[in-house]
Amino acid sequence: MFVTPHRDAAFAAVDLGATSGRVITGLVGPERLTLTEAHRFANVPVRLPDGLRWDVLGLYRGMLDGLRAAARRGPVASVGIDSWAVDYGLLDADGALLGLPFHYRDGRNAGAAERVLAMCGARDLYAVSGVQHLPFNTLFQLAAHRTGAQWGAARTMLMIPDLLTYWLTGSMGAEITNASTTGLFDASAGDWSRALIGRLGLERSWFPPLREPGDPAGTLLPHVAAYTDLPDGTPVTTVASHDTASAVAAVPATGPGFAYVSCGTWSLAGLELTGPVLTEESRTANFTNERGVDGTVRYLRNIMGMWLLEECRRSWERQGWAPGLGELLAAAARARPFAALIDPDDERFLAPDDMVSCIDDRLVASGQVPPDGPGGYVRCVLESLALAHRRTLREAASLAGREVNRIHIVGGGSRNELLCQWTADAAGLPVTAGPAEATALGNILTQARARGLVDDLTSLRQLVAHTQELRHYTPRGDQRAWDGAAARLRRP
């Protein structure tokens, strides 16, 4: 049997992103919180004849190899898995996966949202789920999926982290922070919505019992333990399996009144609340109410994030030029302010063939002149993101009746000094940037708390604040210039 870990036992976080996966180990103690990357592996989707799919078997293999690498470093106290939201796998009556899970950017989703809304109504749907409208929300994907032999054989739906947890342990469950993103979760009742599931013609039996962050999810199956060299009985702990929920848990806030931006492929900007905001005003502003740790609500909106910049870089690479990020940021700092601005929420940026051309098209359509060099494009993207952060957080505060006195930027985007400074300038609020590894920290600290090494969410965040490198930015420059830029992007 597995026993309480000694002080040098590490917690293993499996952190899966849209382009790569990692296994990170963390040591936790009083005034001690250190991370080590044990293994990194690519996450490359596969285009099959029937659509764009995730290579979930490759992810599983990379995860197992990462856990074996973690075991070589020393004792492992437990394992926790987080990933992106909305995507899922369907299993048959024997628990076998029915095909590789679809990628949320797959084109099959076109038109599905309209069909669902015709059945349920946007107002009624939001009044129950509180989930923002995105064309790839899980319930829309399910509506697009419901044909063919696989659908007829399906008996269980598992979100990606729940699927991988099942393969590790043989135990099925639905972690609540990820379940709350599906559009099939009752935001007020805190459970699957039987009413919505029924109206969409789905089977309630497809949706496993909910688990909270910190709940046990089982122990490693014997063949998994043998492959990874981890001890029999090594526990798998339920963490906040939606990566944004883990990141928000690790926001190093030491007092009330904070807002956050979890900045990576997407910018998730919002507030932490004690209950959902389900008003019609909130729906039309397209804010989502998703669960966080300890029953909190992540009241936020998705903004197209560093995806815009990374896709620009891919466009230039296809042209035979591969600029470094430092080179691009230096050029952006020299470029003319507010020369070109875009709305990152424009759905045309979701999956364009060429991001630079797409930006050009949107600028010309709005009467603007495209930049004449890469620095101008990068400045356009970062200033536009800063304005989107400002707009979203101000709307969130107004709709929730809250005051904001500081913005925390966590995730990979917290390393981008221009974005952090321009977010402070645009919002007129101080910004604390970091930790960059917020998702892994939230994952690991939830495991540590389940083992009694951290007391509560407040002490968890204090440990992050005291042990991680943070940068602080104060607003500077002319606020009126940002006001004028915001007015150019104001929605009709």
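**Close-up views of a predicted model**

View 1. The structure holds 0 disulfides, and the model is a predicted one. Where is the closest cysteine sulfur to that of C420? It belongs to C263, at 7.6 Å, and that gap is too far for a bond. The cut-off for a disulfide is a pair of cysteine sulfur atoms within 2.5 Å. C420 has a relative accessible area of 0%, so this cysteine is buried. C120 is buried as well, with 3% relative accessibility.

**View 2. Helix α3 and its buried residues.** Helix α3 covers residues 122–129. Its buried residues are L125, Y126 and S129. They lie on the same side of α3 because their arc around the axis is only 95°.

View 3. Strand β17 (residues 288–291) pairs with strand β18 (residues 297–304) in the antiparallel sense, over 4 bridges. Which residue of β18 stands opposite T288? That residue is L300.

**View 4. Side chains along β17.** T288 and E290 point one way from the strand. N289 and R291 point the other way. Are these residues buried or exposed? All are buried.

**View 5. Confidence and the start of the chain.** The protein averages a pLDDT of 94, and 98% of the residues score at least 70. Over residues 1–6, the pLDDT is below 50. This stretch has 11 contacts in the model beyond near neighbours in sequence. Where pLDDT is low, predicted coordinates should not be read in detail.

Notes: Residues numbered from 1 in each chain as written. Predicted model: local features only at pLDDT ≥ 70, side-chain atom pairs only at ≥ 80, totals over all residues. Heavy atoms only, no water. Buried < 20%, exposed > 50% of the residue type's maximum accessible area, 1.4 Å probe, protein only. Helix = DSSP H or I, 4+ residues; strand = E, 2+ residues; numbered from the N terminus. Arc of directions from axis to C-beta. pLDDT = per-residue confidence, 0-100. Contact = heavy atoms within 4.5 Å. Pairing = 2+ DSSP bridges.
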